[in-house]
Amino acid sequence: MSQYKIIFTGPVGAGKTTAITSISDAPPVKTDAAASDMTKDRKASTTVAMDYGVMNLEGGEKVHLYGTPGQERFDFMWDILTQGGIGLILLLDNTRTDPFQDMRFFLNAFSKFIEDTAVAVGVTQMDISSTPTINEYQAHLQNLGLNPPVFAVDAREHNDVSLLVQALLYTLDPGVVSE
Amino acid sequence: MKKNRPDSVKVALYGMDPRSYKTMELYLKGPCRGIAEVVAEADAQVNIIDADFATASDILADCRRKAPERPVVLLSLQRLKIENTYFVQKPVNAEQLTTVLSQLKPVKKVSPAPVSEKPSQTTPNTAQQSGPEVSRPVAAKPAKPRSAFENNEGGYTAFLGTLMDIDFQDAKQLLSASFDAKKHFLSYVLSACKVAAHQGKAQQLNSIWKPLLIFPDTRQIWLDADDKQLRVFAGVEQNKMFAANISLVPIDADSVKAGKAKDKFQDLETFIWKLAIWTSKGRFPRGIDPNLPISLKYWPNFTRLLLIPDAMRMTSLLLKGTYTPLEVVKVLDVKPQYAFAFISACHCLGILSQSRPSIDSVQTPKPDLPKPNKKQTLFSKILNKLRGD
């Protein structure tokens with residue numbers, strides 16, 4: 001059975017785990033056994049296990065939702081994680097000191113993957129810090145030669161995360177339609 | 001945060017650390033579509049216990065002692081068969097959990113039993129008891145999730161109208177598919193917003209309708225009208241009397257804001273977007289030629305905007321190349337009124353432009369859409385899943 005994956009990345013506290021939980025069919029459960037059940041090659045720690053989810057599609061196919069551990073910025077695992085991925089969801093925390101710096105960091109770290117696939121950017125915590133605005137993110141991205149979807153996102157909201165992932169798919173192929 | 005369904009089951013969670021507790025809480029609201037709401041122990045109708053927790057058996061005994069009639073759901077990697085409990089095997093999936101919870105009819109809140117009371121081993125629950133999950137009947141379909149288009153009360157035709165059998169080559173018919181923004185409330189709002197932004201000062205737009213307050217510093221508007229009222233007013237073509245009674249006056253933002261109902265404030269872009277859609281009613285704005293190429297600057301912030309069907313597909317297409325409005329309709333096979341409402345809204349936000357190609361300009365080839373392939377089938381399935389189809 002074919003298996004696919006979407007990668008969620010971003011700094012610590014940007015809402016990766018929460019976003020994955022919002023659309024996953026299986027809740028990340030904290031037990032050690034559950035962690036080892038998810039992926040054999042991962043650390044059997046709670047935090048790692050939390051950043052995993054799965055969407056079960058009709059016909060038995062699965063889309064795995066992987067969150068990169070935010071605190072391990074130079075993790076070699078990122079390269080392995082992105083192999084065969086559909087695309088990247090980048091979540092940014094608007095309350096951090098310099099979210100643009102975070103954005104540049106992650107775009108650079110995943111540049112090859114983005115080049116081969118696509119990225120959609122979700123900005124979280126905008127209810128706490130309204131700046132930078134979405135327009136400012138857009139302008140910054142255009143200066144970097146990119147024009148991806150950038151949405152204000154509440155990672156707890158299924159609808160927000162769902163729209164962000166939908167935008168990622170449409171970026172890859174505007175011709176795709178839901179049946 | 002998503003509101004819980006009125007019929008949601010009130011549950012208490014046990015054997016979970018704070019993060020797992022929070023995650024389960026979100027999971028019940030999100031993928032489980034609000035089937036259950038996590039509440040304090042005293043208010044719960046159902047107890048959910050992580051049976052893999054070290055002291056799970058003590059927790060179960062404690063729950064039974066305190067509220068013997070309250071149903072208990074056990075989550076575990078191991079298949080459990082414990083009398084008078086419901087079982088959901090890990091990794092938990094939404095359908096399984098939803099099925100079990102939907103069968104647990106709420107029981108009346110039970111007062112804590114005296115500590116001395118013996119644990120009840122056999123007291124039947126009022127809800128149907130379960131054996132292992134394999135013995136349960138097949139799951140009922142989870143409740144329909146919150147739609148991305150839930151604001152579209154009355155369906156799209158309520159505000160997008162129907163453009164039937166328009167011959168876009170016929171100038172007369174083409175005219176009926178367009179609207180003149182100058183004859184609508186929309187144009188006055190756009191002008192007022194420009195003035196407010198230019199002067200950097202809050203403004204009050206007065207008309208024969210309700211006053212509209214514009215705050216450029218926070219990019220908000222204030223209007224004492226609900227969306228239904230606004231939708232109706234937006235679609236009405238205004239007469240000369242309306243224009244004669246329009247005025248724009250500067251106001252002191254701080255003092256005015258203090259006295260206004262907080263729930264009437266709206267994001268400026270969100271407001272203009274929906275006002276444009278409801279004014280357009282599926283027609284394109286005069287000034288935009290459906291036969292000339294248009295270009296889009298960037299993606300609208302769709303999570304905070306009223307969605308139009310196929311809006312994201314149209315956005316993606318227009319960011320990949322330049323197409324005329326009629327080409328967009330044809331290439332993506334979308335309804336003209338969807339395309340025109342989308343174009344109207346983008347135009348009003350200032351992120352869509354149209355330029356007449358110069359005689360010397362070379363026509364750039366349009367990028368081909370990917371042909372139907374295996375990936376497209378996969379993407380369709382993911383979209384179905386995300387939309388809960």
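## A look at chains A and B

Chain B holds 14 helices and 14 strands, where helices (H or I, at least four residues) and strands (E, at least two) are DSSP runs numbered from the N terminus. This is a predicted model, in which local features need pLDDT of at least 70 and side-chain atom pairs count only at pLDDT 80 or more, while totals for chains, interfaces and linings use all residues. Residues are numbered from 1 along each chain as its sequence is written, and chains are lettered from A and ligands numbered from 1 in the order in which they are written.

**Confidence.** The model scores ipTM 0.87 and pTM 0.72. Per residue, the predictor's confidence is pLDDT, from 0 to 100. Here is how the chains do:

| Chain B | pLDDT 79 | 78% | residues 107-154 |

That stretch of chain B still has 72 contacts in the model beyond near neighbours in sequence; two residues are in contact if their C-beta atoms, placed from the backbone, lie within 7 Å.

**Where the chains meet.** 51 residues of chain A are in contact with 49 residues of chain B. On the chain A side, helices H1 (16-23), H2 (32-38), H7 (134-143) and H8 (158-172) are among the elements that each supply at least two residues, and so are strands S2 (52-56) and S6 (150-152). H8(A) gives the most, with 11 residues. By type, this side of chain A splits into 26 nonpolar, 15 polar and 10 charged residues (Ala, Val, Leu, Ile, Met, Phe, Trp, Tyr, Cys and Pro count as nonpolar, Asp, Glu, Lys and Arg as charged, and the others, Gly among them, as polar).

**A covered strand in chain A.** All 6 of the 6 residues of strand S5(A) (residues 119-124) are buried, meaning that 20 or more other C-beta atoms lie within 10 Å of a residue's own, with C-beta atoms placed from the backbone (12 or fewer is exposed, in between is partly exposed). A:Val119, A:Val121 and A:Val123 point one way, and A:Ala120, A:Gly122 and A:Thr124 the other. S5(A) runs parallel to S4(A) (residues 85-93), joined by 6 bridges, and A:Ile89 stands opposite A:Ala120. S5(A) is also parallel to S6(A), with 3 bridges, and here A:Gly122 faces A:Phe151. Strands pair if DSSP finds at least two bridges between them.

**Helices of chain B.** Buried residues make up 38% of the 389 residues in chain B. In H2(B) (residues 56-66), B:Leu60, B:Cys63 and B:Arg64 are buried. They cover an arc of only 95° around the axis, so they sit on the same side of H2(B); the arc is that of the directions from the helix axis to the C-beta atoms. Their cover includes strands S1 (9-14), S3 (46-50) and S4 (72-76) of chain B.

H12(B) (residues 325-332) has B:Pro325, B:Val328 and B:Val329 buried. Down the axis, the buried residues of H12(B) fall within an arc of 100°, so they line one face of the helix. They pack against strands S12 (284-285) and S13 (294-296), helix H11 (311-320) and H13 of chain B. Just after H12(B), B:Asp333 takes a positive phi of about 55°.

In H13(B), 13 of the 14 residues are buried. At 1.5 Å a residue, those 14 residues (336-349) should span 20 Å, and the end C-alpha atoms are 20 Å apart, which agrees; the expected span is 1.5 Å times one less than the number of residues. Just after H13(B), B:Gly350 has a positive phi of about 80°.
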